[in-house]
Amino acid sequence: MVRMASLIIRPRARIFHGHDWVYQTEIERTIGDPEPGSVVTLKDRRQRPLGTAIYNPQSVICARRISRRRESLDLDFFARRLRRARNLRESLGIDLSLCRLVWCEADGLPGVVVDLYGPHAVIQTNTLAMDLARETISRALVAEIGVETVIERNDSPSRKSEGLPMRSGLLVGSDPGPVAIRPGGIEYHLNLLDGQKTGFYLDQVDNFEAVANLAKGARVLDCFCNQGGFALACAKAGAASVHGIDISTEAIEAARANATRNGLQATFEVANAFDTLRTLADSGEQPYDLIILDPPPFARARKNANEALRGYKEIHLRALKILAPGGILATYCCSHHITAEEYLAMAVDAAVDAKKTLRLAARHSQRADHPILPSIPETEYLKGFLFQSIAAW
Ligand code: SAH
């Protein structure tokens with residue numbers, strides 16, 4: 001058997017506290033000459049084994065543990081990981097025909113995301129070793145899950161930190177064309193090969209329904225609506241009116257087509273939400289009962305957190321100004337670099353400036369098919385708050 005290279009990890013590194021990542025600065029010494037993208041052994045200072053990890057010296061996170069045991073990235077390894085991922089989702093009652101089957105470290109596959117849309121899998125392999133293993137991962141998906149198509153959407157800018165090229169295309173099967181999905185009984189057509197992101201915001205699917213439950217008879221504004229997930233769920237639930245805005249023409253065209261396809265009444269507009277909210281707030285009117293704010297991550301790094309919070313506050317302040325007394329603000333933060341506490345404090349700040357009082361009616365999170373490991377905080381990113389802007393007493 002080939003002797004695996006080893007990394008000796010410094011005491012007090014995060015791996016001793018339940019995390020699976022090793023930063024460059026946490027390596028005391030390297031034994032052997034590990035290849036970038038290979039599997040290495042991790043050991044503590046006294047040579048006790050800590051498991052096996054994938055290695056990429058180009059990344060600041062230069063090793064990510066894949067197992068407490070000895071493993072190699074072969075078909076059997078991926079088949080076992082996929083079986084566990086499927087079993088977890090089945091035990092949570094998640095419909096496998098529309099779900100995130102693999103969520104990176106939370107499923108023991110660092111950097112790997114697999115979304116299932118019926119028999120079609122869309123994958124991302126955002127670490128060097130997993131990128132090199134993508135053909136094996138695809139074969140395991142066919143063998144274990146029975147998918148017909150595997151599409152890679154390796155077009156996330158975060159790949160730069162691992163030195164990986166952007167790439168998307170078919171790995172298995174042929175172009176499925178438009179794929180129909182029906183979350184919450186609403187039909188969407190997705191273009192998995194070149195739609196935005198992985199095609200659909202699966203993390204929000206349960207939240208569409210939770211918000212829609214409050215929409216009956218309400219005048220709804222869905223800012224950052226993408227292809228209309230919240231807006232259409234609200235229209236279906238009997239909202240009095242629904243308006244969605246997004247800066248992407250492609251997203252708004254899709255949202256309009258989705259409304260027509262489902263016979264739902266909603267209007268959609270291509271606009272910058274910051275501008276629209278400013279204009280509405282300046283009018284001094286309060287034309288909405290339910291406003292959804294689901295912006296993209298304003299902070300892509302911790303150093304941008306303050307700037308991001310200023311942006312978040314601006315849209316919250318304006319949204320609160322145009323919300324009728326007793327109205328609902330459903331707001332989501334998908335930036336991992338902003339904590340729930342910071343986001344909550346920002347919302348309170350905005351409310352103080354808007355002379356409103358907020359009542360926290362519910363907290364939302366990413367759907368359970370994006371599991372969270374508290375020992376690896378990076379597995380959690382979506383924080384949602386459902387506020388009621390209570391009338392002054
Ligand atoms: N709520 C959607 C997902 C929103 S993702 C859903 O669950 O399906 C964030 C969206 O914000 C993207 O569609 C992006 O096009 C849009 N966006 C980004 N910047 C914007 C801006 N300044 N104004 C309006 N939309 C914006």
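User: Which strand do 5 bridges join to β7, and do the two run parallel or antiparallel?

Analyst: First, the ground rules: this is a predicted model, where local features need pLDDT of at least 70, side-chain atom pairs count only at pLDDT 80 or more, and totals for chains, interfaces and linings use all residues. Residues are numbered from 1 along each chain as its sequence is written, and side-chain values use heavy atoms, leaving out hydrogens and water. Strands (E, at least two residues) and helices (H or I, at least four) are DSSP runs numbered from the N terminus, and two strands pair if DSSP finds at least two bridges between them. Here, β7 is joined by 5 bridges to β8 (residues 112–117), and they run antiparallel. C99 sits opposite L116 in β8.

User: What is the strand order in the open sheet, and which strands are at the edge?

Analyst: The order is β7-β8-β9-β10-β11, with mixed pairing. The edge strands, β7 (98–103) and β11 (167–172), each pair on one side only.

User: How do I read a helix's length, say for α3?

Analyst: Take 1.5 Å times one less than the number of residues; that's the expected span. Helix α3 (residues 134–145) has 12 residues and reaches 15 Å from first C-alpha to last, close to the 16 Å expected. After α3 comes G146, with a positive phi near 80°.

User: Which residues of α3 are buried?

Analyst: Buried means under 20% relative accessible area, with exposed over 50% and partly exposed in between (1.4 Å probe, protein chains only). In α3, the buried ones are R134, T136, I137, S138, A140 and L141.
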